[in-house]
Amino acid sequence: MSFSPVRDIRVGLNFAGDDILPVGRMAMRDRTVYFEYDASFISRRLELSPLRLPLQPGVQSFDPSMFEGLPGLFYDSLPDGWGRLLFDRFARSQGISPEDLSPLDRLAHVGRHGMGALIYEPDYSEPEPEATPDLDRLAEGARDVLDGEAQDVLPELLALNGSSAGARPKAMIGVNTNRDHITHGTHSLPDGYAPWIVKFPNSHDTPDAGAIEYVYALMAIEAGLDMTDVHLFPARRGAGYFATKRFDRTETGRLHVHSACGLLHSDFRTPSLDYADLLNLTAHLTRDVREVEKMFRLAAFNVLSHNRDDHAKNFSFVMDEAGEWKLSPAYDLTFSAGPRGEQSTMVMGEGRNPGPSPLTKLGLDAKLDEKRIAEIIDRTRTALGQWETLAGQYGVSRSNIEMIGKKLLRNLNYG
């Protein structure tokens, strides 16, 4: 790991191939970050972050007390949770104190291989490993890192993390069409392979965490949510590793990705959003009632499935090179308790016991058809009714089947 303090960052946009659009330059002075769009990029009229980083000439500066001083657009590129822990552990193993790393240093280590289409130069990202990844070995290495031990697998885990967010360890892999062979997936992939993300349990997870998320994904698909392909890879320990195809990569290139957290400058660690905010954001960005309905369907699934870790980073939007915004496919759908047992994102002000009644109000407030709202809620309930059968089929423990089943049964019978 090389380290020399980064004074300024060149930001680019890479939708396809080697074509890079210069976006602008960012510098940091006295803990304040400054950014200026490139004049040629302004002329393209591509709004990457229309609410908080408008496309305009001149230098823009940002509040040092939020997002490490970065605008939300670039803060989205930084790994958090597991990714930050991993990078900090690796820095210490190289004799570098994480406290000495500025956000610009961290963006340089994201380089050209982060999530979405944004790239950063200089590029100090780790080279892709040469050996074929072994999921069991990576999972064991992740457990060692979480336990405070830095093993030989640490550089490989760092190289495969990309800039993924969330508390659970992850790796970027390439998966072939038959899903029976994998390769490293942060850089270019061989023909016949697609980019995926695979997750490993964290220290608080039960061994069947991957199977639970897989079953939730199957129920979400049945409920009509837009999801990328999912798979449950076999594991030596536990019920398997949950994996999903990346939605920021296409057959021809990359998509720009921006979370609700970054778009709204809403701190995902402090619950403050309501689904009404997200539906309004969706309408503003996409100007498409079909995308608003997709967000409502996601709200219904999260609420009725007791996925209460639905914070601002768990909702994202994608933009293509023509500047068209859409809601991203759903992700991070699993059973969770949420802060103090409440929904991280409220439903019309209700966080403790949201259900069909506030969901209906939410849809009506967003000008959705009342019959359509009822159909979405009913379809979600029907999909969640498959929990016990699917969970038993894919190796979820009996205790978790019963515990989660009780929560879902309450939601299925509520209202």
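Trainee: Which strands form the open sheet that has β4 in it, and in what order?

Mentor: In this predicted model, five strands form that open sheet, and their order is β4-β3-β2-β1-β5. The pairing is antiparallel.

Trainee: Why is one side of β4 and of β5 left without a neighbour in the sheet?

Mentor: β4 (59–61) and β5 (118–121) stand at the edges and have a single partner strand each, so one side of each is without a neighbour in the sheet. Neighbouring strands here are turned against each other by 30° on average, direction ignored.

Trainee: How many bridges join β3 and β4?

Mentor: Three bridges, in the antiparallel sense, with β3 covering residues 32–37. Tyrosine 34 is the residue that stands opposite serine 61 in β4.

Trainee: And which helix packs on the sheet?

Mentor: Helix α4 (residues 103–110) does, touching β1 (8–16), β2 (19–29) and β5. The direction of α4 makes about 155° with that of β2.

Trainee: Now the sheet with β7. What is its strand order?

Mentor: The order is β7-β6-β8-β10-β9, five strands in an open sheet with antiparallel pairing. The edge strands, β7 (182–184) and β9 (230–233), each pair on one side only. From one strand to the next, the twist averages 40°.

Trainee: What stands opposite tryptophan 196?

Mentor: Lysine 245 in β10 stands opposite tryptophan 196. As for the strands themselves, β8 (residues 193–199) and β10 (residues 241–245) pair over three bridges in the antiparallel sense.

Trainee: Which strands does helix α6 lie across?

Mentor: Helix α6 (residues 154–161) lies across β6 (170–176) and β7, and runs at about 70° to β6.

Trainee: Changing topic: is serine 305 buried or exposed?

Mentor: Serine 305 has a relative accessible area of 0%. Because the cut-off for buried is under 20%, serine 305 counts as buried. This residue lies in the loop between α10 (289–304) and β12 (316–319).

Trainee: What is serine 305 in contact with, leaving aside neighbours within four places in sequence?

Mentor: Serine 305 is then in contact with Tyr216, Phe335, Leu384, Leu408 and Asn411.

Trainee: How many cavities of 30 Å³ or more are there, and what lines the largest?

Mentor: The count comes to five cavities of 30 Å³ or more. The largest cavity holds about 250 Å³ of space. Of its 19 lining residues, Phe87, His109, Val110, Leu158 and Gly162 are the closest to its centre. The elements that give two or more residues to this lining are α3 (82–93), α4 and α6. By residue type, the lining divides into six nonpolar, 10 polar and three charged.

Trainee: And how much space lies in the second largest cavity?

Mentor: About 60 Å³. Among the 13 residues lining the second largest cavity, the closest to its centre are Lys199, Pro201, Ala209, Gly210 and Gly240. Helix α7 (residues 209–222) supplies the largest share of that lining, three residues. The lining comprises six nonpolar, three polar and four charged residues.

Trainee: Last topic, the second largest pocket. Which residues are closest to its centre?

Mentor: The second largest pocket has about 690 Å³ of space. Of the 24 residues that line this pocket, those closest to its centre are His187, Arg249, Thr250, Gly253 and Arg254.

Trainee: Which element gives the most to that lining?

Mentor: β8 gives the most, with three residues. The elements giving two or more residues to the lining are β1 and β8. Seven of the lining residues are nonpolar, 10 are polar and seven are charged.

Methods:
Residues numbered from 1 in each chain as written. Predicted model: local features only at pLDDT ≥ 70, side-chain atom pairs only at ≥ 80, totals over all residues. Heavy atoms only, no water. Pairing = 2+ DSSP bridges. Helix = DSSP H or I, 4+ residues; strand = E, 2+ residues; numbered from the N terminus. Axes fitted to C-alpha atoms, helices over the stretch in contact; angles between N-to-C directions. Contact = heavy atoms within 4.5 Å. Buried < 20%, exposed > 50% of the residue type's maximum accessible area, 1.4 Å probe, protein only. 1 Å grid on protein atoms, 1.4 Å probe; cavity = no way out; pocket = protein on both sides within 12 Å on 5 of 7 lines; lining within 4 Å. Points joined across faces, edges and corners; volume = space filled by probe spheres on them. Nonpolar A, V, L, I, M, F, W, Y, C, P; charged D, E, K, R; others polar.
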